[in-house]
Every structure is written in C-alpha cells, then in structure tokens.
Amino acid sequence: MQKKLRAVELVQIAICAAILYVSQVAFSFLPNIELVSPLIIVYTRNFGKKTLAIIYIFALIQGLTYGFGVWWINYLYVWTILYFIASAAKKLENPLGWAIIAAFFGLFFGLLCSIPYFFALGIGGGVSYFVNGIPFDLMHCAGNFVVTLLLFIPLDRIMKKADSFLSGK
C-alpha cells in the first residue's frame with residue numbers, strides 16, 4: 001500500500017518548489033550562477049524522494065513561465081540526475097565534497113542539456129548547442145562550486161530545522 005502524503009508534506013513540497021523558482025528568477029541576471037543545484041542537493045539530503053516532486057513542480061512552473069520548448073525537456077531529467085547523484089552521496093558531510101559534486105554537475109550541465117537537441121536538430125545541431133555553451137558551463141562549474149561551498153552548511157541546517165518543525169520532531 002502506497003503511503004499518502006500528509007497536508008504538511010504537500011505544503012513543504014510546494015514551498016520548496018517555490019523557493020527553487022524564486023531563487024532561479026532572482027539570480028537569472030547572472031549567467032549560470034544559481035541556487036537550484038545546491039538547493040536540490042540539500043533537499044535530497046533532508047527530504048529524500050519528496051525532492052522528485054519538488055523538481056517536477058519546479059520544472060512545470062518554469063514551463064508555464066517561459067514556455068514548453070525543447071529546453072524544458074532538459075529540466076525533467078537533468079535535475080533528476082542531480083537528485084540521484086546527491087542520493088548516492090547523501091551521507092557526505094564535507095561542504096567541499098558537495099561543492100566539487102556541484103561543480104562537476106555545472107560543468108556537464110550543457111552536455112546533458114544538449115541531448116534533446118541531438119534528436120531535434122541532428123548531430124550538427126546537438127554538437128553546436130554543446131560547443132556554444134562551453135563558456136557558460138565553465139561559469140556554471142565555478143558558480144556552483146563557490147555557491148555550494150558557501151551555502152551548503154547554512155542551507156542544510158535550515159532544511160533540517162524546517163523538516164523537524166514540519167514533522168513535529
């Protein structure tokens with residue numbers, strides 16, 4: 001029998017998805033400097049499988065805001081890949097380790113995002129998309145490293161407190 005989500009958990013998921021969206025919009029003026037990656041890492045550590053619902057609600061809001069183009073398909077699997085990576089490393093406590101994971105994720109983000117373009121535009125279009133994005137991937141790598149290194153501990157503490165409060169622990 002599948003466990004039903006309580007109202008508190010639904011609110012938690014909705015608030016976390018909203019935080020992802022607002023943080024993405026707030027930092028959108030900076031090329032590939034974002035809080036989404038460290039937040040997904042922290043959500044995964046603290047909320048487990050509920051993070052998948054958070055990711056897909058975030059992706060839906062992105063699509064409703066910016067349109068459901070080929071780029072949107074990326075959000076359905078790229079953030080899920082980060083969820084699985086963070087799940088595998090869930091017990092890692094060292095912020096430097098998380099910053100390195102986030103940096104590599106940022107570095108390979110463009111390659112992962114180019115996959116639908118290979119199907120939509122052919123090999124040339126996919127390669128072109130990937131190569132054009134390399135400078136942004138390098139910025140994404142550096143940005144993810146710095147942001148995660150600086151914010152991992154405070155974000156993780158906040159999420160632990162929020163989870164304790166909402167679950168009544």
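Axes are lines fitted to C-alpha atoms, for helices over the stretch in contact. With that in hand, welcome to some close-up views of this predicted model.

**View 1. Helix 2 packs against helix 4 at an angle of about 45°.** The axes of helix 2 and helix 4 lie 9 Å apart. Angles from 65 to 115 degrees would count as roughly perpendicular and those under 35 degrees as roughly parallel, and helix 2 and helix 4 are therefore oblique to each other. Their crossing is right-handed. On the helix 2 side, look for Val-36, Ser-37, Ile-40, Ile-41 and Thr-44; across from them, helix 4 brings Trp-79, Leu-82, Tyr-83, Ala-86 and Ser-87. Sorted by class, this contact has 7 nonpolar residues, 3 polar ones and no charged ones.

**View 2. Helix 1 crosses helix 3 at roughly 50°.** Here residues 7-26 form helix 1 and residues 50-66 form helix 3, and their axes come within 8 Å. That angle makes helix 1 oblique to helix 3. The crossing of these two helices is right-handed. Helix 1 contributes Glu-9, Gln-12, Ile-13, Cys-16, Ala-17, Leu-20, Tyr-21, Gln-24 and Val-25 to the meeting. Helix 3 answers with Lys-50, Ala-53, Ile-54, Ile-57, Phe-58, Ile-61, Gln-62, Thr-65 and Tyr-66. By class, the contact has 12 nonpolar, 4 polar and 2 charged residues.

**View 3. The largest nonpolar core has 33 residues.** Which residues have the most contacts inside this core? They are Leu-20, Ile-40, Ile-41, Tyr-43, Ile-54, Phe-58 and Trp-79. At least two core residues come from each of helix 1, helix 2 (36-47), helix 3, helix 4 (70-88), helix 5 (95-113) and helix 7 (134-167).

**View 4. A closer look at Ile-41 and its contacts.** Ile-41 is one of the core residues with the most contacts, and Ile-41 also takes part in the meeting of helix 2 with helix 4. Set aside the neighbours within four places in sequence, and Ile-41 is in contact with Leu-82, Ala-86, Trp-98, Ala-102 and Phe-152.

**View 5. Asn-32 sits in the loop between helix 1 and helix 2.** Most residues other than glycine have a negative phi. Asn-32 has a positive phi of about 60°, although it is not a glycine. Is Asn-32 buried, exposed or partly exposed? Buried would mean under 20% relative accessible area and exposed over 50%, so Asn-32, at 26%, is partly exposed.

Conventions: Residues numbered from 1 in each chain as written. Predicted model: local features only at pLDDT ≥ 70, side-chain atom pairs only at ≥ 80, totals over all residues. Heavy atoms only, no water. Axes fitted to C-alpha atoms, helices over the stretch in contact; angles between N-to-C directions. Helix = DSSP H or I, 4+ residues; strand = E, 2+ residues; numbered from the N terminus. Parallel < 35°, antiparallel > 145°, perpendicular 65-115°, else oblique. Left-handed = near helix turned anticlockwise from the far one by under 90°. Contact = heavy atoms within 4.5 Å. Nonpolar A, V, L, I, M, F, W, Y, C, P; charged D, E, K, R; others polar. Core = buried A, V, L, I, M, F, W, Y, C linked by side-chain atoms within 4.5 Å. Buried < 20%, exposed > 50% of the residue type's maximum accessible area, 1.4 Å probe, protein only.
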